[in-house]
Structures are given as structure tokens and as C-alpha cells.
Amino acid sequence: MVGFSVSCWKLATVELQIFHRKDASCEVQRFQSILAPLKLQPYLYTKRVILSPTERSHSHPILTIHESHIDQSLLPAVFIHEQMHWRLASDQEHAASILSAIKKTFLSSGKLDAVHVAVCRLEVRALQAILGEAATKDVLSNAARNRKEYELAFSNGELVDSCLLGLTPSNERDK
Ligand SMILES: [Zn+2]
């Protein structure tokens with residue numbers, strides 16, 4: 001990452017590496033102050049984060065957050081969403097079966113992205129635990145992307161869960 005600085009930051013007991021522009025200390029501080037009060041530890045699957053002025057937020061190969069998402073109402077959901085991509089990817093043994101179960105179950109529901117059916121459901125469950133039910137609905141009802149997948153996560157959550165084959169958003173319960 002040419003031209004980027006790195007700051008190490010301890011979030012609970014997890015050491016995150018934050019890559020950012022050299023003159024982005026405000027963004028780094030805002031990123032930390034928004035996430036610090038939240039109980040995120042059980043939901044951290046990758047420890048490297050890029051704060052980018054140009055790239056849209058995405059999960060791989062390095063979790064990247066667009067600087068415009070470093071906002072009180074957006075960042076927790078965006079950060080957890082990208083972490084849940086890592087959660088699904090970390091379960092190599094089951095990921096393929098999970099996706100095919102989702103495709104089988106929701107085949108008739110029109111154009112759905114199976115990865116995002118899984119990731120959005122994991123995100124909703126994590127946010128409900130972190131922010132509470134009402135705040136989660138508030139945040140995600142304004143989501144610009146994955147609208148159908150979020151709708152499914154709320155209206156048909158148990159059925160999506162049954163396709164997840166026991167995969168949960170938290171790394172604490174199912175070790
Ligand atoms: Zn995504």
C-alpha cells in the first residue's frame with residue numbers, strides 16, 4: 001500500500017492494523033471513536049483494515065472502508081457486513097453447501113445473490129446483538145445495496161438460518 005501509513009489499534013483484546021492516508025488522522029480517530037464503544041470482539045474475522053478515499057467498501061483481499069462510510073449511522077453496519085464476508089469465507093468446509101442450500105430454498109424468489117443472502121443475514125444477527133433490534137432495522141432500511149437480501153434476512157430469517165448449517169455471526173458460541 002504505497003503512500004499509506006499504518007496505525008495499530010487495540011479493539012478489546014484484538015489488535016487491528018489500520019492502513020490510511022498519511023494526513024487522515026481525523027478519519028482514523030473517527031473510525032476508532034465510532035467503533036470503540038461497541039461490543040465487536042466476537043465478530044472480528046480479519047484484522048487488517050484500509051480506510052480509502054477512492055475505493056468502495058469491500059471485504060477481500062483486505063477489508064476496505066470508503067472514507068465516506070466513516071459515519072456514526074453507517075460505519076457499524078458496513079464494517080460488520082465486510083467482516084461477515086470473512087466469516088463465511090472462513091468456513092471453507094461448509095461455504096459451498098450453505099450457498100447451494102440457499103439457492104435451492106430461494107430459487108423461486110427472483111434474482112438473489114446467494115453470498116449476500118448469507119452475509120446479510122449474518123450481519124443482521126450480529127447487529128441485533130450489538131445495536132439492538134430497532135436500531136438494526138433503522139440502519140438497514142436505508143441500505144443502498146442488497147435490498148432484497150436484507151428484506152429476506154428480516155422477513156424470513158429463520159429459513160435463511162436453516163440454510164446456514166449452524167454458522168453463526170459470533171465466534172464465541174460455536175468454537
Ligand atoms: Zn457484501
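This is a predicted model: local features need pLDDT of at least 70, side-chain atom pairs count only at pLDDT 80 or more; totals for chains, interfaces and linings use all residues.
Helices (H or I, at least four residues) and strands (E, at least two) are DSSP runs, numbered from the N terminus.

**View A. The sheet is open, with four strands in the order 1-2-3-4.** Its pairing is mixed; strands count as paired if DSSP finds at least two bridges between them. Strand 1 (4-11) and strand 4 stand at the edges with a single partner strand each, so one side of each has no neighbour in the sheet. On average, neighbouring strands are turned by 25° against each other, direction ignored. Axes here are lines fitted to C-alpha atoms, for helices over the stretch in contact, and angles run from 0 to 180 degrees between N-to-C directions.

**View B. Strand 1 and strand 2 make a hairpin.** The pair runs antiparallel and is held by eight bridges, with Leu-11 partnered by Val-14 in strand 2. Two residues lie between the strands, and Ala-12 in the turn has a positive phi of about 55°.

**View C. Strand 3 has parallel partners in strand 2 and strand 4.** Three bridges join strand 2 (residues 14-21) to strand 3 (residues 48-52). Look for Gln-17 with Arg-48 and Ile-18 with Val-49. To get from strand 2 to strand 3 the chain goes through helix 1, and this β-α-β crossover is left-handed; right-handed would mean that, with the strands pointing away from the viewer, the path from the first strand over the helix to the second runs clockwise. Four bridges link strand 3 with strand 4 (residues 63-66), where Val-49 has Leu-63 as its bridge partner.

**View D. Helix 1 meets both the sheet and helix 2.** Helix 1 lies across strand 1, strand 2 and strand 3, running at about 150° to strand 2. The axes of helix 1 (residues 25-35) and helix 2 (residues 75-90) come within 10 Å and cross at roughly 85°. That makes the two helices roughly perpendicular (angles under 35 degrees count as roughly parallel, over 145 as roughly antiparallel, 65 to 115 as roughly perpendicular and the rest as oblique). Phe-31, Ile-34 and Leu-35 of helix 1 touch Leu-75, Pro-76 and Phe-79 of helix 2, where contact means C-beta atoms, placed from the backbone, within 7 Å. By class, that contact has six nonpolar, no polar and no charged residues (Ala, Val, Leu, Ile, Met, Phe, Trp, Tyr, Cys and Pro count as nonpolar, Asp, Glu, Lys and Arg as charged, and the others, Gly among them, as polar).

**View E. Helix 3 packs against helix 4 at an angle of about 100°.** Helix 3 (residues 92-106) and helix 4 (residues 114-131) have axes 9 Å apart and are therefore roughly perpendicular to each other. Ile-98, Leu-99, Ile-102, Lys-103 and Phe-106 meet Ala-114, Val-115, Val-117 and Ala-118.

**View F. Glu-67 is partly exposed.** Around Glu-67 there are 19 other C-beta atoms within 10 Å (20 or more would be buried, 12 or fewer exposed, and partly exposed is in between; C-beta atoms are placed from the backbone). Leaving aside neighbours within four places in sequence, Glu-67 is in contact with Glu-27, Leu-51, Ser-52 and Pro-53.

Terms used: Residues are numbered from 1 along each chain as its sequence is written. Two residues are in contact if their C-beta atoms, placed from the backbone, lie within 7 Å.
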